[in-house]
Amino acid sequence: LSSSSAASDVYKRQYSMYQTHSGKEPAIIPCSYTRLIGRELDLQARDLPKLLKFTALTTEQLMRDDTMITASQQIQILQNSLELSASDQFGLRLGQRLTPSTHGSMGFLINSSPNLLAVLQAFQTFLPTRMSLIRLETHTNAEWTTCLIFFEQTLSHAVHRLLSETVAVIFSECAEFIVGRPLTEAVIQFSHPAPDHHACYADYLAGTYQFDQPQLSIRVPTELCLIANASAQHDSYLLAMQQCEMILNRLKTQQHSTTYQVQKAMLSYPLGQLSEEDLAAALFMNKRTLARRLVKENTSYRLIRDRILSEKASSYLHDPQISVEAIASLLNYHDSANFRRAFKRWFGVSPSAYRRKITHRQEENDLRE
């Protein structure tokens, strides 16, 4: 694969992804979900790049607890997981693995909630802090409580079915924990056609289910939603609620910050192309005003730009098929020497030395395995 063709292919993928990200999605999905997908697939460390294909994420980033990913990256990972999985039941099995304890503070809130209705309301309110590509709407009357599930991005049929199966099993498992028994009264309506493995659904879902419905939804008798949770802990519930509200408020604040607006604007153009003057104009302010607002948030145009470019440079260097010259072009450096100087300023070593360290580390991992 030539440097120019490699750069062209990667550029097309990344530019498409940035266009999708622009104005729609922050990186707020914990990478722990992707690690659980890898465990369910029984992947080894050397196989993880296959799971991360086309996401610009590295194995090292995946293994860090502080790494957050976007909805588009998560969707690509789900698509990759379907290609890697040999089981038709992968989505159902993944739902079983995603127990409340895997959902951070929101999971703690679920376990300590007073009843199932409170759980559904918690999912509706706080799901954006964990999985931004899914939205829930809960509607309650005297007879039924209905939870409508929406996916916020266009999905392939296969990924749509996978997520639908996963969400249904997560709900079934949570409901069984809260109510204290399998929720056989639940009615689950899937919008996808009955898959070849539909007979296996009974092994994972206690209620009845229907296919080819207009909307993915879960309906439960309201009286069951009000059954007291035997494991409810009022103090723990209030503490978890405070933590979830704090995370949600922080997310809202970040999305209104100048730093977030600058990052979003930069990612809506090919990397490195948007000048400070053009960026300020895109945000309807002059360059001086932009600089002053960023100073108040302890950053600057150059710091934000360097952080984005350095992360992408590091990611590209993990692919041995892309030359340093091609990476410089992808990052809009017209002279590869300028890119090499910038890279050394970011990481303290040259791109070639950085790539050798990556290769050496991977060889050591392979030997340990």
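Tutor: Let's start at Asn115, whose side chain reaches the backbone nitrogen of Ala118 at 2.9 Å. That is a polar contact, meaning a pair of N or O atoms within 3.5 Å; within protein, one must be able to donate a hydrogen and the other to accept it, and residues adjacent in sequence count only if both atoms are side-chain atoms. Before we go on: this is a predicted model, where local features need pLDDT of at least 70 and side-chain atom pairs count only at pLDDT 80 or more, while totals for chains, interfaces and linings use all residues. Residues are numbered from 1 along each chain as its sequence is written, and side-chain values use heavy atoms, with hydrogens and water left out.

Student: Which other backbone nitrogen lies close to a polar atom of the Asn115 side chain, and at what distance?

Tutor: That of Leu117, at 3.2 Å.

Student: Where does Asn115 lie?

Tutor: In the loop between α7 (104-112) and α8 (116-126). Helices (H or I, at least four residues) and strands (E, at least two) are DSSP runs, numbered from the N terminus.

Student: Is Asn115 buried or exposed?

Tutor: Asn115 is buried, at a relative accessible area of 15%. Buried means under 20% relative accessible area, exposed over 50%, and partly exposed in between (1.4 Å probe, protein chains only).

Student: And what does Asn115 touch?

Tutor: Leaving out residues up to four places away in sequence, Asn115 touches Ile178, Cys225, Leu226, Ile227 and Asn229. Touching is contact here, so heavy atoms within 4.5 Å. Take Cys225: it is 110 residues from Asn115 in sequence, yet 6.2 Å from it in space, C-alpha to C-alpha.

Student: OK, zooming out. How many helices and strands does the protein have?

Tutor: There are 18 helices and seven strands. The radius of gyration is 23 Å, close to the 21 Å that the globule rule gives for 369 residues, so the protein is as compact as a globular protein of that length. That radius is taken over C-alpha atoms, and the rule is 2.2 Å times the number of residues to the power 0.38.

Student: What does the C-alpha trace span along its principal axes?

Tutor: About 70 × 50 × 40 Å. Of the 369 residues, 48% count as buried. Also, if you take contacts between residues at least 6 apart in sequence, 70% of them join residues at least 24 apart.

Student: Switching to helix α14. Which of its residues are buried?

Tutor: In α14 (residues 287-296), the buried ones are Thr289, Leu290 and Leu294. Looking down the axis of α14, they fall within an arc of 130°, so they line one face of the helix. The arc is that of the directions from the helix axis to the C-beta atoms. As a general point, an α-helix has 3.6 residues a turn, so residues three or four places apart point the same way.

Student: What's on the other side of α14, and what covers the buried residues?

Tutor: Arg288, Val295 and Lys296 are exposed on the other side. The cover for the buried residues includes α12 (258-266), α13 (276-282) and α15 (301-317).

Student: What happens at the start of α14, and what follows it?

Tutor: At the start, a side-chain oxygen of Asn286 comes to within 3.2 Å of the backbone nitrogen of Arg288. After α14 comes Asn298, with a positive phi near 60°. Asn298 is in the loop between α14 and α15, and it is exposed, with a relative accessible area of 72%.

Student: Last topic, aromatics. How many aromatic pairs are there in the whole structure?

Tutor: A search finds 11. In one of them, the ring centres of Phe343 and Tyr354 are 5.3 Å apart with the planes at 80°, so the pair is edge-to-face. Rings of Phe, Tyr and Trp (its six-membered ring) pair if their centres lie within 6.5 Å; planes under 30 degrees apart count as stacked, over 60 as edge-to-face and the rest as tilted.

Student: Are Phe343 and Tyr354 buried or exposed?

Tutor: Phe343 is buried at 0% relative accessibility, and Tyr354 is buried at 17%. Tyr354 also forms a tilted pair with Phe347, 4.9 Å centre to centre and 50° between the planes. Phe347 itself is partly exposed, at 31%.
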